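These are my notebook entries on one structure. I begin with the covalent cross-link and then turn to the strands, the core and the chain as a whole.

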Amino acid sequence: QVQLVESGGGLVQAGGSLRLSCAASGRTFSSYAMGWFRQAPGKEREFVTTINGSGSRTYYVDSVKGRFTISRDNAKNTVYLQMNSLKPEDTAVYYCAASSVEGGKYGYWGQGTQVTVSS
């Protein structure tokens with residue numbers, strides 16, 4: 001079992017930055033691929049980025065490439081999402097998720113943190 005708790009959301013002006021954190025419980029954090037997803041009002045949840053257990057591989061949706069960076073600190077059981085050059089269209093609830101298989105289904109989810117980007 002993995003429990004995930006996100007933090008770091010808030011209100012920021014367009015062009016600004018935020019760093020989200022996701023703290024995980026459990027002693028096998030490094031064995032999980034981690035991902036960030038987001039859901040804007042009235043829209044379906046969408047994939048944003050993922051990182052493998054060791055942190056050696058990452059993947060981003062095209063809309064955030066060059067602006068967002070995912071990273072992890074396995075010693076702290078934490079995954080991060082650094083978001084730069086934020087745009088109003090990045091406004092959403094951001095969720096972190098864990099998958100026991102890289103490229104597999106995400107079976108564990110956090111409660112989400114709100115990110116609002118004002119124009």
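**Entry 1: the disulfide**

I counted a disulfide as a pair of cysteine sulfur atoms within 2.5 Å, and the structure holds one. Cys22 lies in strand E3 and Cys96 in strand E9, so the pair ties together parts that are 74 residues apart in sequence. The link of Cys22 and Cys96 is right-handed, with 45° about the S-S bond.

I then checked the cover over both ends. Cys22 is buried, at a relative accessible area of 0%, and Cys96 is likewise buried at 0%. Here buried means under 20% relative accessible area, exposed over 50%, and partly exposed in between, with a 1.4 Å probe and protein chains only.

**Entry 2: basis of the values**

I note that this is a predicted model, in which local features need pLDDT of at least 70 and side-chain atom pairs count only at pLDDT 80 or more, whereas totals for chains, interfaces and linings use all residues. Residues are numbered from 1 along each chain as its sequence is written, and side-chain values use heavy atoms, with hydrogens and water left out.

**Entry 3: strands**

I listed the elements next: the chain has zero helices and 11 strands. Helices (H or I, at least four residues) and strands (E, at least two) are DSSP runs, numbered from the N terminus.

Which strand is largely enclosed by the rest of the structure? I found that six of the seven residues of E4 (residues 33–39) are buried, so E4 is largely enclosed in this way. I took two strands as paired if DSSP finds at least two bridges between them. E4 runs antiparallel to E9 (residues 92–99), and seven bridges join them; in this pair Ala33 stands opposite Ser99. E4 also pairs with E5 (residues 46–51) over five bridges, again in the antiparallel sense, and there Thr49 is the bridge partner of Trp36. The hairpin of E4 and E5 has six residues between the strands, and Gly42 in this hairpin takes a positive phi near 75°.

**Entry 4: the core**

I defined a nonpolar core as a set of buried Ala, Val, Leu, Ile, Met, Phe, Trp, Tyr and Cys residues joined through side-chain atoms within 4.5 Å. The largest such core has 28 residues, and Met34, Trp36, Met83 and Tyr94 have the most contacts inside it. Elements that give two or more residues to this core include E3 (18–24), E4, E7 (68–73) and E11 (113–118).

Asn77 has a positive phi near 50°; Asn77 lies in the loop between E7 and E8 and is buried, at 17% relative accessible area. Ser85 also has a positive phi near 50°; Ser85 lies in the loop between E8 and E9 and is partly exposed, at 41%.

**Entry 5: the whole chain**

The C-alpha trace spans about 40 × 25 × 25 Å along its principal axes. Of the 119 residues of the chain, 45% count as buried. I took contact to mean heavy atoms within 4.5 Å; of the contacts with a separation of 6 or more, 55% are between residues 24 or more positions apart.
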